[in-house]
Amino acid sequence: MDVVDVVDNGSDEVVADHALVLVGAKPGDVELDKKLRFSDLPDHVLIVDRWLGVTCSPQEYFSERSRVMEEWEQAGVPVLVFYESKPAEFVSPLSKDNELPEDSIFSVIPLSLDCYGISLGDDDL
C-alpha cells in the first residue's frame, strides 16, 4: 500500500488536504517521492479513499469522485476548503474550489516496508 499526496491540483489559492491509500502496489510499481499523475499508476492497483467511501481502480477514480460529489450536492452536504490567503470555508461539492483535475500531480509516501500511500495536498513533502 502507498499514500498519495496531491501537490498540485491546478489552483494557486486552494490548499488540498486529502490522502488516499494504494492497495496492491508492488515494489517498482511507483517511485517514492517522484511526482506522478493518476494515469501513471498500474492497472492492478486499487485506490481506497475513505473520505469519499470508494475503492476503485486509478482509471475509475475521477468518475467515482464526480459521482460522490453529485450525491453530496443533491443531499446538501458542503465541503470544507482550505485556502492559502483567507479563512477556510464550506463550499458546494461541485464548487471550482473543490475540483481535482485528472492531471493533478501527487507523490507517494511509504507507510511501512510494504505499505504506501497517496497524500493529497501537503506541499512540505
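**A nonpolar patch, a core and paired charges**

On the surface, L80, F82 and F90 form a nonpolar patch that together has about 300 Å² of accessible area; such patches are made of residues with over 30% relative accessible area and no salt bridge, like charges being joined within 9 Å and nonpolar side chains (Val, Leu, Ile, Met, Phe, Trp, Tyr) within 5 Å, and accessible areas come from the Shrake-Rupley method with a 1.4 Å probe, where for residues only the protein chains shown count as cover. F90 lies in strand β7, residues 89-91, and counts as exposed because its relative accessibility is 57%; the classes are buried for under 20% relative accessible area, exposed for over 50%, and partly exposed in between (1.4 Å probe, protein chains only).

This is a predicted model, in which local features need pLDDT of at least 70 and side-chain atom pairs count only at pLDDT 80 or more, while totals for chains, interfaces and linings use all residues. Residues are numbered from 1 along each chain as its sequence is written, and side-chain values use heavy atoms, with hydrogens and water left out. The mean pLDDT (the predictor's confidence in each residue, from 0 to 100) of the protein chain is 76, and 71% of its residues reach 70 or more. Confidence is lowest in strand β1 (residues 2-8), with a mean of 45, and highest in helix α1 (residues 61-75), with 94.

Of its 125 residues, 41% count as buried. Among contacts, meaning heavy atoms within 4.5 Å, with a separation of 6 or more, 58% are between residues 24 or more positions apart.

In soluble globular proteins, nonpolar side chains tend to be buried together. Here the largest nonpolar core has 24 residues, and F38, L41, I47, L52 and Y61 have the most contacts inside it; a core of this kind is a set of buried Ala, Val, Leu, Ile, Met, Phe, Trp, Tyr and Cys residues joined through side-chain atoms within 4.5 Å. Two or more core residues come from each of β3 (18-23), β5 (54-56), α1, β6 (79-83) and β8 (105-112), and α1 gives the largest share, five residues. Beyond its neighbours within four places in sequence, F38 is in contact with L20, I47, P58, Y61, F62, S104 and F106.

Side chains of opposite charge can pair when their charged atoms come close. Three salt bridges are counted, each being a side-chain nitrogen of Lys or Arg within 4 Å of a carboxyl oxygen of Asp or Glu. E64 pairs with R67, their closest N and O atoms being 2.8 Å apart, and because these residues are three apart in helix α1, about one helical turn separates them. R67 also forms a salt bridge with E71, again with 2.8 Å between the closest N and O atoms, so that E64, R67 and E71 are linked in a network. The remaining pair to describe is K86 and E89, whose side chains meet at 4.0 Å, N to O; K86 is partly exposed, with a relative accessible area of 41%, and E89 is partly exposed at 34%.

Methods
Helix = DSSP H or I, 4+ residues; strand = E, 2+ residues; numbered from the N terminus.
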